[in-house]
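Subject: Structure handover: salt bridges and a helix pair

Hi,

Here is the structure for you to look over. My notes on salt bridges and helix packing follow.

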Amino acid sequence: MIRIGVTGHIGLEPSARRLIRGAIVKELRKHRPVHGVTCLADGADRIFAEAVRACRGTFEAVLPVPEIGAAPEEDRDLRDLLRHATDVTKITVPGLPELSYEAASREVVERCDLLLAVWDGSPEGARGGTAETVAFAVSRGKTVERIWPEGARRLQISPFPVPVG
């Protein structure tokens with residue numbers, strides 16, 4: 001069984017979700033049976049988990065849990081997906097939230113044989129984001145398949161909460 005990890009954008013246009021899910025399902029069907037590895041971030045990661053389930057695969061979750069922020073269990077959609085995970089690993093790194101996101105993304109890369117990058121190809125991004133995760137995967141000798149279907153669009157949002165005050 002192949003272990004396929006995912007990295008990808010959050011903040012996707014609603015119309016992009018269907019396009020991305022279809023492209024992921026098409027890729028997953030090339031690799032049956034499949035076991036996914038995902039951080040379950042809103043956006044590409046959750047679309048991936050849904051696609052894995054649609055292909056009758058299994059998945060494990062590697063959750064970044066920043067020291068400061070809402071507990072993952074407070075997100076109802078996340079809770080629903082976690083019920084289907086074969087394993088859940090929580091990763092907390094002291095300091096800025098981005099450090100936990102980066103560590104979790106790197107763990108996904110280490111656990112997978114193939115990384116799907118749901119990525120528009122933009123080199124910009126936050127620490128632990130898609131571009132950085134792809135670069136890390138390449139540096140580790142992992143195969144990376146980029147998925148960005150024609151017509152997919154991102155919302156313009158900040159990937160991390162901005163402290164007020």
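Is Arg83 buried or exposed? Arg83 counts as exposed, at 63% relative accessibility. The classes are buried (under 20% relative accessible area), exposed (over 50%) and partly exposed in between, with a 1.4 Å probe and protein chains only.

Some ground rules before the rest. This is a predicted model, with residues numbered from 1 along each chain as its sequence is written. Local features need pLDDT of at least 70, side-chain atom pairs count only at pLDDT 80 or more, totals for chains, interfaces and linings use all residues, and side-chain values use heavy atoms, leaving out hydrogens and water.

Salt bridges

The whole structure has 10 salt bridges. Each is a side-chain nitrogen of Lys or Arg within 4 Å of a carboxyl oxygen of Asp or Glu.

Arg83 pairs with Asp80 at 3.1 Å, N to O. Asp80 is partly exposed, at 33%.

Arg46 and Asp75 form another, at 2.8 Å, N to O. This pair links distant parts of the chain, 29 residues apart. Arg46 is in helix 2 (residues 44–54), and Asp75 is in the loop between strand 3 (58–64) and helix 3 (76–82). Helices (H or I, at least four residues) and strands (E, at least two) are DSSP runs, numbered from the N terminus. Arg46 is buried, at 7% relative accessible area. Asp75 is partly exposed, at 28%.

Glu110 and Arg140 also meet, at 2.8 Å, N to O. Glu110 lies in helix 4 (residues 97–111) and Arg140 in the loop between helix 5 (130–139) and strand 6 (143–147), so the bridge ties together parts 30 residues apart in sequence. Both ends are partly exposed: Glu110 at 34%, Arg140 at 47%.

There is also a network: Arg3, Glu60, Glu107 and Arg111 are joined by salt bridges that share partners.

Helix 4 against helix 5

These two helices pack at about 40 degrees, with axes 10 Å apart. Axes are lines fitted to C-alpha atoms over the stretch in contact, and angles run from 0 to 180 degrees between N-to-C directions. Helix 4 and helix 5 are therefore oblique: neither roughly parallel (under 35 degrees), roughly antiparallel (over 145) nor roughly perpendicular (65 to 115).

Contact means heavy atoms within 4.5 Å. Helix 4 contributes Glu102, Ser105, Arg106, Val109 and Glu110; helix 5 contributes Glu132, Thr133, Phe136 and Ala137.

Best wishes
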